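Work through the exercises below with the model open. Try each task before you read its solution.

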Amino acid sequence: MAWHELEIEEAIKRLETRIEGLNDIEVEERLGRYGKNEIIRGKPLTPFEIFLKQFSNFFVLILFFAAGLAYAVSFMPGEADRYLTALFILGIIVITIALGFFEEYKAQKELRGLDKLLRFKATVVRGGAHKEIDADEVVPGDILVLSHGQKVPADARVIQSNNLRTDESALTGESLGVDKSEAPVDKETPLAERLDMVFGSTHITHGTGLAVAVATGMKTEVGQIATSLGHIGERPTPFEIEVQVMARQMTLIVGALALIVALILYFWLKEPIVDVLLNTLSLAVATIPESLPIVLIFALALGAHQMASRKAVIRKLAVVESLGSVDTICTDKTGTLTQNTMTVERLFVGNHIIDVEKSDTALDVESELIRAGILCNQAITVTAPERRVVGDPVDKAMFRIAEKTGLSVENERSKSPKINEIPFSSERKMMTTIHTDGNRFVAYSKGAAGVILSKCSRFALKGEVLPLDAREIELIHQSLDELESQAMYVLALAKKDLETSDANEEVEREMIFLGLQAMADPARPEAANAIARAKGAGIRVVMITGDNKLTAKAIGQQLGIGERFLESSEVDKMSRRDLKKQMQGVDIIARATPDTKQKVLQALQDEGHFVAMTGDGVNDAPALKQSDVGVAMGFRGTDIAKESSDMVLLDDNFQTIVAAIEEGRRIFDNIRKFTNYLLSTSLGEVFVVLALSIAGYFPLSAQMLLWVNVVTDLVPAAALAADPAVPKLMLRRPRRHDESILNKAIYATIAGSIMRTLVAYLFIFWVGLKFGGVNYARTMLFTSIVLHAFTRVLVVRQLDDLSIWSNRPLLWSYGLAICLQLLALYTPLSFVFGVVPLDWRAWSVMIPVVIASSFAGVYMTRWILKLVPLWDHEYQSA
């Protein structure tokens, strides 16, 4: 259906709907007929598909090959016991697949849970009333209420446009906004020129309007594109590429060492070719840290889940790690540092200031000022599920002061309905609405006091209209300074009688100044402490606000941000080099516009800072995209701001940004820990096998190697990913964003661990030879590796001074591994591994050696860290 060529009445008729909207029964029927209004972008894998995916793992295929080889050889004369080897390898495959499935399924489940937190809302007309619903419940025939900053929920035919403009760049690639109208266009009109249509997933950048939904879900223009393209995966981040490169390097190193071992076994020790293949394949599988990518995704997903529980929803998983590098936060004031509960506390009319709380009787005199505040207002009253006001906090504050004086919002709006408007923009700093009032037209404007004053030539005083002379302007400015110095947000209001309802430049000239409404938005109780924590963590806080310098300076001093400020007018005059220099000593940017935000952000990034930028408006989207971590507001943020961000704050609270940074630091620490653990234990095993092979022994069978891999690899590494934050985490300066996981200190500790464990393992094997021969020595070494792997975990955690009791899952995994090892030694399973029971002599050697090696590891690690600090920056005291 070419909806764009139809007249409004015809489109409504064909959709079997009406201006008053659908009723509940019709909505239910259409949901059943058309389905949910959602774009399916890459359907998530089902549990069964995740299970099947585990079989595509290269290392699992190697194990299948090894199991098949052992099974085939079992039919040869004298090789029947190979059948048990094949069964054991199959058992290892089952355990590996089960652990991989569990970690991947849990990570995907966490991420799907985060998606549900970011569902956006749509306002529709149903049963004659405005209702706010989840956007996925919109059906064809719904009457959509469109407003500035909103994401369009479905393809729709415009039926009313009040300076409606959309950003359709996501759909058409056209960067310029598109002005919308009700007039139909020709059937052959290209998509980008269908001015009477709005499209799902685009955004309203100006004005308001109504539209009737004509297509939802996969039937929308965006849905059809998604269908034709299919799912396209995101490009890996630099961090993910680093992990992949590290895994490939380890594969090459271990593969080369395994090949050397194979040559020694075959040519030096004259082992049968079957044993050579089984043992070297098992060595490669056991020592290559193939679980590293799985544990990485699990760690990031776990971090994202923890952040969501602290009201920060991550939209891009790699941002979890990036947050730890943030060294500068550029934050809004309203709602982020303050409570976002604006209340009108003062009114200025004529020549005096009225205290609202103390002057209830005087408010009736100022009814025209208060009436202007509810007419020139974007807030709406929603009746379902209960009556409430939806809109900007400033607009809602104007509703409340009206109700306090006895004015009915609904009655005043019905007496003077809005018929046109000149929308607000950050550049204009004002908005104007045009209303009918009996047989005449009236315009009401609100905005920044300086802007509104420049549009006025008269002022209202006790029912009279007088010329706005220099004396009165001076009095207004003095009152304005007084109110703003008390950290109040001040709006001016004006009116003008009109001959027509046209929204043109003449409307906002020669207006009548009605007065000022001054509102207070108290600082959040926790904001000052959060700012102090950020500064203690070496993070600079810059407040970027649209408020004037007096208001901004007052709140900056109150919260401990500072008082050094620049105004946007000064920023606009500076060259890029000068601004870069100035930003080294600035705490506050006042009277900021979205363009100012981008300039300040660029100056900070030019200086090498890693910047988190907050934003909530349509025009904040470029700065959010340009920033290193874009942070959108969940409550007051527009849909386009959320779509452009990396993280959404569900509570719009500055403290949540600091908490997310702390979580990002914790996750990176844990990634570094389990990477250190996996690499040091894997390389320790391969070097001891190589050393003893050169000495004429093959110390570990295929079964032993695979067993060690299962009980000491994935589970403890995953437990390390859940390690708590270290005590001094937020007293540390931010790490450089280009700092790799493996720095000099980590390489040094891994090298020290390999040398230390090699000495311990060789000593234990030598003692085993003395106590009971080769099998006894192999059994002692086999058991010592399991014991030593977990003491290695304790050494790795020494990097962060964490208590042994601070990670209970890690202790449980250690206890389980010991129990499993005892089963392997003292039950019929010992036949499968080819081990012998160990007596008290073996334990009297293994336990002291392992403990001594662990203590040596702790002191060696501390000594290495004194020579080569773990972090390239020292701790900063709070």
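## Exercise 1: A cavity

The second largest cavity holds about 90 Å³ of space. The model is predicted: local features need pLDDT of at least 70, side-chain atom pairs count only at pLDDT 80 or more, and totals for chains, interfaces and linings use all residues. Residues are numbered from 1 along each chain as its sequence is written, and side-chain values use heavy atoms, with hydrogens and water left out.

Task: find which residues line the second largest cavity, and sort them by class.

Solution. 

1. On a 1 Å grid over the protein atoms alone, a cavity is a set of points where a 1.4 Å probe fits but cannot get out; lining residues have an atom within 4 Å of a point. Points are joined across faces, edges and corners, and the volume is the space filled by probe spheres set on the points.
2. Count the cavities. The structure has 7 of 30 Å³ or more.
3. List the lining of the second largest cavity. The residues are Ser680, Thr681, Gly684, Glu685, Ser753, Thr757, Tyr761, Ile785, His788, Ala789 and Arg792.
4. Assign elements. α24 (654-694), α26 (744-772) and α27 (774-797) give two or more residues to this lining. Helices (H or I, at least four residues) and strands (E, at least two) are DSSP runs, numbered from the N terminus.
5. Sort by class. The lining has 3 nonpolar, 6 polar and 2 charged residues. Here Ala, Val, Leu, Ile, Met, Phe, Trp, Tyr, Cys and Pro count as nonpolar, Asp, Glu, Lys and Arg as charged, and the others, Gly among them, as polar.

## Exercise 2: The nonpolar cores

Task: find which residues of the largest nonpolar core touch the most other members.

Solution. 

1. Define the core. It is a set of buried Ala, Val, Leu, Ile, Met, Phe, Trp, Tyr and Cys residues joined through side-chain atoms within 4.5 Å. Buried means under 20% relative accessible area, exposed over 50%, partly exposed in between (1.4 Å probe, protein chains only).
2. Read off the members. Of 136 residues, Leu323, Phe654, Phe674 and Met780 touch the most others. Helix α24 supplies the largest share of this core, 18 residues.
3. Inspect Phe674. Beyond its neighbours within four places in sequence, Phe674 contacts (heavy atoms within 4.5 Å) Leu292, Val295, Leu296, Ala299, Ala717, Leu720 and Ala721.
4. Look for another core. A second, separate one of 30 residues includes Leu347, Val356, Ala379 and Val394.

## Exercise 3: Positive phi

Task: find where Lys270 lies, and whether it is buried or exposed.

Solution. 

1. Recall the background. Most residues other than glycine have a negative phi.
2. Note the angle. Lys270 is not a glycine, yet its phi is positive, about 60 degrees.
3. Locate it. Lys270 is in the loop between α8 (238-268) and α9 (273-287).
4. Check the area. Lys270 has 64% relative accessibility, so it counts as exposed.

How values were computed
On a 1 Å grid over the protein atoms alone, a cavity is a set of points where a 1.4 Å probe fits but cannot get out, and a pocket is an open set with protein on both sides within 12 Å along at least five of seven lines; lining residues have an atom within 4 Å of a point.
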